Amino acid sequence: MELGLFMNTHGVTNRDETDWWHQEMDVSEMKPVESAQLAERLGFHSVWMGDHVSLPEESPGSKSPIGGPLRRHYPPKSNILDGPVVMGAIASNTSRIKMGPSVLISPYRHPLHDARQYGTIDVLSNGRLILGAGAGWMKEEFEALGHTYHGIRGRVLEECLQIYDMAWREGVVTFHGEFFNFDDMGVFPLPARRPRPPIIIGATAKSTARMIGRRADGFMPLLTRATCLPTDLDEMRDEIRGEMDRIGRPHSEVVMTGLTSFRMSKPGDEESTRQPRWNFGGTAEQVLEDLEKYANHGYAMLIMAPICPSRSYAEFQEQAEWFGTEVLPEAKKLKVVGEWGTEL
């Protein structure tokens with residue numbers, strides 16, 4: 001099993017029994033390059049960061065993608081560092097660790113723009129990009145950017161995926177679809193990783209699950225609530241499996257991943273003694289028990305978001321180091337069970 005680290009480029013996260021959210025964080029506390037270097041030194045597979053363009057002060061029309069109550073997942077005036085810019089800095093200051101957005105909101109930008117930008121990251125990192133992509137959920141942000149929120153996001157995403165694929169494999173793209181229409185557009189240089197960087201999709205809708213079966217290399221659901229179970233997304237996985245069977249694609253071509261949250265604690269602390277215990281909360285042994293359940297259910301990689309109530313880099317670093325030292329080496333020994341893929 002492989003494990004990634006969710007970065008604090010949108011602020012550190014917190015959770016309760018029903019929800020998970022970003023907290024305000026001073027930009028001087030984010031330290032993304034240092035965080036990535038720490039993750040590389042500890043042996044994490046990859047580092048991941050969120051994607052937004054501009055958040056409204058209030059978002060009453062947007063439903064939480066987490067599955068908890070209707071809650072604002074960002075404080076007003078959030079400090080948000082731009083993901084591709086951060087990844088460029090990380091690429092220049094690391095040598096092994098992979099990186100990606102979790103997830104790029106594809107309908108916000110033209111797919112040729114994203115193919116160029118993220119292809120550049122793959123070149124600068126010598127083939128270390130994994131593109132996480134999704135349809136988005138913030139209604140107010142869609143409207144501010146001049147895009148349609150209802151009804152078409154999934155269809156826009158699927159056309160974006162096709163264009164990323166063609167641009168990265170071939171360099172010259174001709175596409176005539178419902179939303180994008182152009183001839184012989186070049187996107188060079190080609191990415192370092194051939195035939196192209198992996199693409200994984202974050203989704204909760206069955207229609208998007210079928211798209212994963214057709215287009216993607218991985219499925220990345222949100223598993224960040226404290227009460228999440230490995231079986232929570234089984235209906236989505238069934239839809240992916242069914243679509244792959246329909247088109248004759250092996251299940252091993254899609255990797256099961258997930259974004260989740262964790263909180264390391266000592267024996268006797270609330271995280272380790274709470275009944276029922278929260279997902280990935282407690283001692284190293286308890287967190288490993290949870291990881292084994294996910295590996296037994298086919299999850300080959302989980303992206304771990306540290307829970308840091310203090311909103312400080314010191315706590316982020318402490319949680320990452322604790323996890324990386326006491327959990328990560330044993331987690332790498334866990335065998336992933338099932339028919340799904342195992343490598344990104």
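Let's start with α5, which gives four residues, the largest share, to the lining of the second largest pocket. Helices here are DSSP runs of H or I with at least four residues and strands are runs of E with at least two, both numbered from the N terminus. A pocket is an open set of points on a 1 Å grid over the protein atoms alone, where a 1.4 Å probe fits, with protein on both sides within 12 Å along at least five of seven lines, and lining residues have an atom within 4 Å of a point.

A word on the model itself: it is predicted, with local features needing pLDDT of at least 70 and side-chain atom pairs counting only at pLDDT 80 or more, while totals for chains, interfaces and linings use all residues. Residues are numbered from 1 along each chain as its sequence is written, and side-chain values use heavy atoms, with hydrogens and water left out.

Back to that second largest pocket, whose volume is about 320 Å³; a volume is the space filled by probe spheres set on the grid points, which are joined across faces, edges and corners. Its lining has 20 residues, and Arg169, Arg196, Pro198, Asp217 and Arg249 are the closest to its centre. Two or more lining residues come from each of α5 and α6. By class, the lining holds eleven charged, seven nonpolar and two polar residues, where Asp, Glu, Lys and Arg count as charged, Ala, Val, Leu, Ile, Met, Phe, Trp, Tyr, Cys and Pro as nonpolar, and the others, Gly among them, as polar.

Now turn to the largest pocket, with about 890 Å³ of space. Among its 39 lining residues, those closest to the centre are Pro65, Gly136, Trp137, Gly202 and Leu222. At least two lining residues come from each of β3 (20–22), α5 (153–170) and α6 (206–215). The lining comprises 18 nonpolar, 15 polar and six charged residues.

The backbone deserves a look too. Most peptide bonds are trans, and most residues other than glycine have a negative phi. The bond from Phe188 to Pro189 is cis, with omega near 5°, and so is the one from Arg194 to Pro195, also with omega near 5°.

Asn126, not a glycine, has a positive phi of about 60° and lies in the loop between α3 (111–124) and β7 (131–134). Asn126 is exposed, at 66% relative accessible area; exposed means over 50%, buried under 20%, and partly exposed in between (1.4 Å probe, protein chains only). Arg311 likewise has a positive phi, about 65°, in the loop between β15 (299–306) and α10 (313–326), and is partly exposed at 41%.
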